[in-house]
Amino acid sequence: MTPQLYNSLLIGAVLFVLGTLGFLTRRNLIVMFLSAELMLQAVALNLIAFGRAHGNYHGQSFTIFVLTVAACEAAIALVLFLALYQRFNSLDVSVWHELGESDVEDVEPELLAEKEFFQVEEFPTYPTLSPAGREPALSKSSAGTKKGGAKRG
Amino acid sequence: MLLTLFAQQSATMNPWELGIPILLGVVGYMLAAASPQRRQNIPATVCLLGAIVAAWFTWWQLSGNVLEDVLFTCFAGLMAMAACGMQVETHPVYSALWFALVILATCGLFLMQGAAFISAATIIVYAGAIVVTFLFVIMLARQTGKSTYDVRLMQPMLAMVSGGLLLAALVYAIQQPVPVASQAAAPSVNMSAPTPADTNTLAVLGRSLFVDHLVAVELASVLLLVAIFGTLVIALQSRGQAR
């Protein structure tokens, strides 16, 4: 292994770990996205170093594809952030801890507490359906956003 | 002298050489990422810079070429510092600026490895991406002061432990000697390897791209198209919901 390849791999490892750290610890969606880009950049560094070491251009070709995927990811991620921000007025990722439907009750604690799973209850509970689709425009103050925001506080 | 000694015995690296830069980095990051009341900026900066310098002294291998070594070291140090700054910084606008610095340093490293076109393309793509991200930050970030979710981190202890272990494992794996069989298969020195002085890099790269990876190029174009449509669909949908 030549020193240049070795050093490039080392830099790529450091950059990748820093990006991982940011992705794990930061709570701002935009900074998390930038950290993911950092990890992609580390991989691109490795690819170019390997291409140089093997004396061909496959590494650089792969890097172009990495760049393409990064561009697609940026477009989708930013528009998703905008959509999420319009819901809760926040870029905090921990607002989105549960992406499930909030009005469906959580069954897991009861399942864990109960010993007999197969005993038939006298009054069985039926699953509830959460409202889906667009609300009919009865009044002007429709919008699921306000309802969701009020529920979250 | 000391450096070359370190570089030669790197295959049998003792645990302290592996551990000290990582420990310094962990301590610096913990100081920088503590809760706002207990945050200490100057010791944290000292620890992080010490970690980078210690990593250079213990892990780095020097090639013979002095100019190349100096440039490589400068770009790598700049990149590591900027990446640390990006993770430690509490304001997203400054994080994006640090990220731009990381991209510039990485492009310098690309240039050093004979990838001039990739370097330019990265700068162009990421310049656009960063400008858009800037717009988003300015649009969406809180205008009055810092928000709590920028200051308080999520599980910094666990993240530090896993990050330190990951870095140790990566550095250890990189330092292992290459097995003899694969070393024989790989060309050690090839005259057609891209160098920074090549002028026809782009022509060879284009030939490689459109001869060896033609299907992948077509797939990438389809991917871009799908991403554009997906972006439009999500944007229109969210606008309809918000109304």
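Between chain A and chain B, 16 residue pairs are in polar contact, both partners at pLDDT 80 or more. The model is predicted.

**The interface**

By residue class, the side of chain A that touches chain B divides into 42 nonpolar, 22 polar and six charged residues.

In total, the contact draws 70 residues from chain A and 93 residues from chain B. The area buried between the two chains is about 7300 Å². Carbon and sulfur atoms give 72% of that area. The size of an interface is often given as the accessible area lost when the parts come together.

One residue from each chain gives a local view.

| Residue | Helix | Relative accessible area |
|---|---|---|
| A:Thr63 | H3 (residues 58-88) of chain A | 1% |
| B:Gln87 | H4 (residues 66-88) of chain B | 2% |

A:Thr63 counts as buried because its relative accessible area, 1%, is under 20%. Leaving out residues up to four places away in sequence, A:Thr63 touches A:Ala44, A:Leu47 and A:Ile48 in chain A, and B:Ile118 in chain B.

B:Gln87 is also buried, at 2%. Its contacts, with residues up to four places away in sequence again left out, include B:Tyr29. From chain A, B:Gln87 touches A:Leu18, A:Gly19, A:Gly22, A:Arg26, A:Ser35 and A:Leu38.

**Chain B**

Chain B has 11 helices and zero strands. Along the sequence, its pattern reads α-α-α-α-α-α-α-α-α-α-α. Chain B has 243 residues, and 38% of them count as buried. Among contacts in chain B with a separation of 6 or more, 65% join residues 24 or more positions apart.

**Confidence**

The average pLDDT of chain B is 81, and 83% of the residues score at least 70. Residues 183-191 of chain B fall below 50. Beyond near neighbours in sequence, that stretch has seven contacts in the model. Where pLDDT is low, the predicted coordinates should not be read in detail.

Note on methods. Residues numbered from 1 in each chain as written. Chains lettered and ligands numbered in written order. Predicted model: local features only at pLDDT ≥ 70, side-chain atom pairs only at ≥ 80, totals over all residues. Heavy atoms only, no water. Helix = DSSP H or I, 4+ residues; strand = E, 2+ residues; numbered from the N terminus. Buried < 20%, exposed > 50% of the residue type's maximum accessible area, 1.4 Å probe, protein only. Contact = heavy atoms within 4.5 Å. Buried area = accessible area lost by both parts, 1.4 Å probe. Polar contact = N/O pair within 3.5 Å; in protein donor to acceptor, adjacent residues only side chain to side chain. Nonpolar A, V, L, I, M, F, W, Y, C, P; charged D, E, K, R; others polar. pLDDT = per-residue confidence, 0-100.
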